[in-house]
Amino acid sequence: MQALPTAASARAHARPPKVVGWLLLAPLLVWLAAFVVLPLLVLLVYSFCQRDDLGRVVFSFTWENYERVFSPLYLRILGRSIGYAGLTTIICLVIGFPVAWFIARQTPARRNRLLLLVMIPFWTNFLIRTYAWIVILKGEGLLNALLQYGRIIAEPIELLYTPFAVLTGLVYAYLPFMILPIYVSAEKVDGSLVEAAHDLGAGPLRAFSSVIIPLTQPGILAGVLLVFVPAIGMFAITDLMGGAQVPLIGNVIQNQFLRARNWPFGAALGVVFTLLFVVTYALAQRRRRRHA
Amino acid sequence: MSTPSTSRSLLPSGLKLLQWGLGTWTALVFAFLYLPIGVLIFYSFNTSRLNIRWEGFTFHWYERLASNEPILRALQNSLIIATVTTLASVVLGTAGAWILYRYRFRFTGAIQTLVCLPMVMPEIVMGISLLVLFTVLTLPLGFTTVIIAHITFCFPFVLVAVQARLQGIDPALEEAALDLGATPFQAFWLVIVPALKPAILSGALMAFTLSLDELIVTFFTANAATRTLPLQVFGLAKTGLNPMLNALSAVFIVSTIAFVLFSEHLRRLARPSGAPHS
Amino acid sequence: MKIIPCLRILTLTVLCACAVPLRAADQELNLFAWSEYVPQGVLEAFEEETGITVNYETFASGEEMLAKLIAGGTAYDLIQPPDYIAEALIKNRLLLPVDFAQVPNFRHILAEYKGMPHDPEQKFTVPYMTGTVGIVVNTERIKTPIRGVKDLFSPQHKGRIVVVDDGRELVTAALYVLGHPLNNITPETLEQTRPLLAEWFNLIKLFDSDSPKTALLNGDVDLGYVWGGEAAALWNEDRKFQYVLPAEGAHLFVDVLAIPVGAKNLQAAHAFLDFVLRPEVSRQISDEFPYTNPNGEARKLLTDAQRANPASYPPARPLDTFRHLGDTGALIDELVTDLKNAR
């Protein structure tokens, strides 16, 4: 039987890097420096600049962009984006966990096949897929016809261009990014552990909360990260399925570059958005380490 | 490594019921995942040019597709870019995760945060800032620049998935290998990598999917010769997404699924039943 | 693992893909244009006739093109901006003058499309296709007469309207209703449009710039404030979709071809300009895309049905165009964001 994983045991094993460690890490660091840090620095510089009538950056210092970012308008938009992302993450977790667990309990060959089948729908084009959803959700669409046929509703109800449609689209798009990481952890869990818990008299709920959840926690956390973070900046789905009725932070940032022609303000929004993530993530990490 | 729950017949009835429930749930979720795919395949046989209302059955779009050079070229570009991106992301992500796990760096936390940044950065910001960077470096736009950009936002997904798997990998494993005289690289390749296989596969799938369907970063880093399928399709939205695009998706999806099922069948044929699966 | 053979095939494919531009003829034209605006057949005919390889790079909006153009990267020989972006580029000295001696077919362009406000001296741009923005009515569902913007945004149509997701178009519609000229966008006039737009936004079901025809065809909405090209496609699909130029005011947009500063192959650029202005080539473009063709000779070659499409060729009346308005884009964007946010 496998030892219960704890962050502490992992950290105890980690050794000081010496020269070799740093050398091994070098490619990753170089990549991050060149293609993440450098562009971010460009962004940071832009965010303190002004612009000309084409939106191009004019290098003269101003705080103005940041003052605008922290106006109630943009904070509310950010709040709404986080709300949608949070809801999406929770729904994906609830829907995706049992699937990941089920796939992990299959024979190895079947596991890989099922995993592929989870992902393959997303090898179609995003727009085509979304238009298929529109066909399903529209007023005279598939779902309404089905509900009417089943006598559940008498008149077609409005599904498309509503928050329901937006959430459906978001959950659909992000579900695989929850299932796959959880599977990664669940596959490692020894099935006999669960049986043992059961033998010891633990009901399914008890077994779930005291055995399964702790063992798959790394996968759950990874899934939450991979769904929640990208979902905050998502807007294409809300535009197409929600009818672009409410602005989200992703739209607002994109519009600064592609409509308002205000690169510096777009850069400032990007910087604040990124910093918000950095602080939250660092705090979460510190807390986890302290718990461990 | 791990074994699936063995001797199913001996399972207690409560667990059996749970198993059955999980299976049904999974089937429902698969139905949800494939519902729009079914619809889009159905509409690939639609005579209507605008792809919105059903008008009649035709193979016309499949014929049009076969002779549409720009679309097939775009698909080819997308596949090349996604494949190279996936391979590079797997190497960078897996090695990165392992090294960050194996050694206690001074700034592990900071590096960890940096790794996740490409997931946070809005696509437009990443696209424009990378374009500015490539211009400064006088790197001409093309496959290289698109692939660099794609690796940057894809490899974190591999790294995060591998990290989830690493937590709780028995530390004794590597040590045992080293004690038996393996070099650190051998220990990594022969002991750790096999243990990470599910995570690497998951990460690769995510990277491939993300790269295949990315639009905005690609727009800013591509040139005329590297136009990808999403760029091509998005442009078509203006004149009307015709069923030819559905036909393209249908062919691609159906052939992939067939390949997945068929390759398994072939392997089973090649190997008599009962042989261990590697 | 079969990684090695895979890698080998991959390397080969990458090499082949990279080798294509190298094998191409020594003459190349870097064209940066709207996607689906230059028919493949036209490009191929041009390549065959001149031996010049066209590298057709595409964008999906004028602003997208501008962003990529000013961020740098490729040296384009020809770009295809909308009129007001062309004007901005001219003012910022980012366009090269066209040598019209090398473009004899320019004479086919109708007089009203020459020397337009974005290029008053007719030095830098060649009109490619033009169009209007107007109202589409599903006449099966909407029985009340719709003549203008006021009729469109009436409370009885609440939840049955799609509009383009474009702040400037919506602000312009409001300016018409308020009786302002369409290019009179200042902080003051914008503030005046606010209450009117707020009222309208409550009636609108969805905003869609990419394909507003979808919701109309699906029957999820019955009215639209959309690009003429969308309306023309709808009319071709079903004659119940009628197009109305708003009584309060309407404007024209002109997509032009122009040569940006830094262009490497001026000769090829001019050759291409002259080629697409040939009446029979221009007609070919109209066949694929139902916009308004500014080429008089090409119009004569169109079928009666094409000319009868009211969305492509609405009844003639003098129309203004959008002008470059400096940095008011940011004000418009903030207004629209604010109004949407308040919904």
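How much area do chain A and chain B bury between them, and what share of it is on carbon and sulfur atoms? The legends below start there. This is a predicted model, in which local features need pLDDT of at least 70, side-chain atom pairs count only at pLDDT 80 or more, and totals for chains, interfaces and linings use all residues; side-chain values use heavy atoms, with hydrogens and water left out. Residues are numbered from 1 along each chain as its sequence is written, while chains are lettered from A and ligands numbered from 1 in the order in which they are written.

**View 1. The interface of chain A and chain B.** Chain A and chain B bury about 9900 Å² between them, with 76% of it on carbon and sulfur atoms. Buried area here is the accessible area (1.4 Å probe) that two parts lose on being put together, summed over both. Chain A brings 104 residues to the contact and chain B brings 105, where contact means heavy atoms within 4.5 Å.

View 2. On the side of chain A that touches chain B, helix H2 (residues 18-47) of chain A gives the largest share, 19 residues. Helices (H or I, at least four residues) and strands (E, at least two) are DSSP runs, numbered from the N terminus.

**View 3. Chain C against chain B.** Here 38 residues of chain C are in contact with 32 residues of chain B, and the buried area is about 3000 Å², of which carbon and sulfur atoms give 65%. The salt-bridge count between chain C and chain B is zero, whereas five residue pairs are in polar contact, both at pLDDT 80 or more. Elements that give two or more residues to the chain C side include helix H1 (3-23), strand S1 (28-34) and helix H9 (228-237) of chain C. The largest share, seven residues, comes from H1(C).

**View 4. Confidence along chain C.** Chain C averages a pLDDT of 90, and 92% of the residues score at least 70; pLDDT is the predictor's confidence in each residue, from 0 to 100. Take care with residues 1-25 of chain C, where the pLDDT is below 50.

**View 5. Two domains within chain C.** Domain 1 (24-128 + 254-308) and domain 2 (131-251 + 320-341) make up the division of chain C, with bounds from an automatic or database domain assignment. The contact takes 14 residues from domain 1 of chain C and eleven from domain 2 of chain C. About 1000 Å² is buried between these domains, and carbon and sulfur atoms give 59% of that. C:Tyr84, C:Glu87 and C:Pro290 lose the most area on the domain 1 side, together 41% of what that side buries.

**View 6. The salt bridge between the domains of chain C.** One salt bridge is counted between domain 1 and domain 2 of chain C. C:Arg323 forms a salt bridge with C:Glu87, the closest N and O atoms being 2.9 Å apart.

Conventions:
Salt bridge = Lys/Arg side-chain N within 4 Å of Asp/Glu carboxyl O. Polar contact = N/O pair within 3.5 Å; in protein donor to acceptor, adjacent residues only side chain to side chain.
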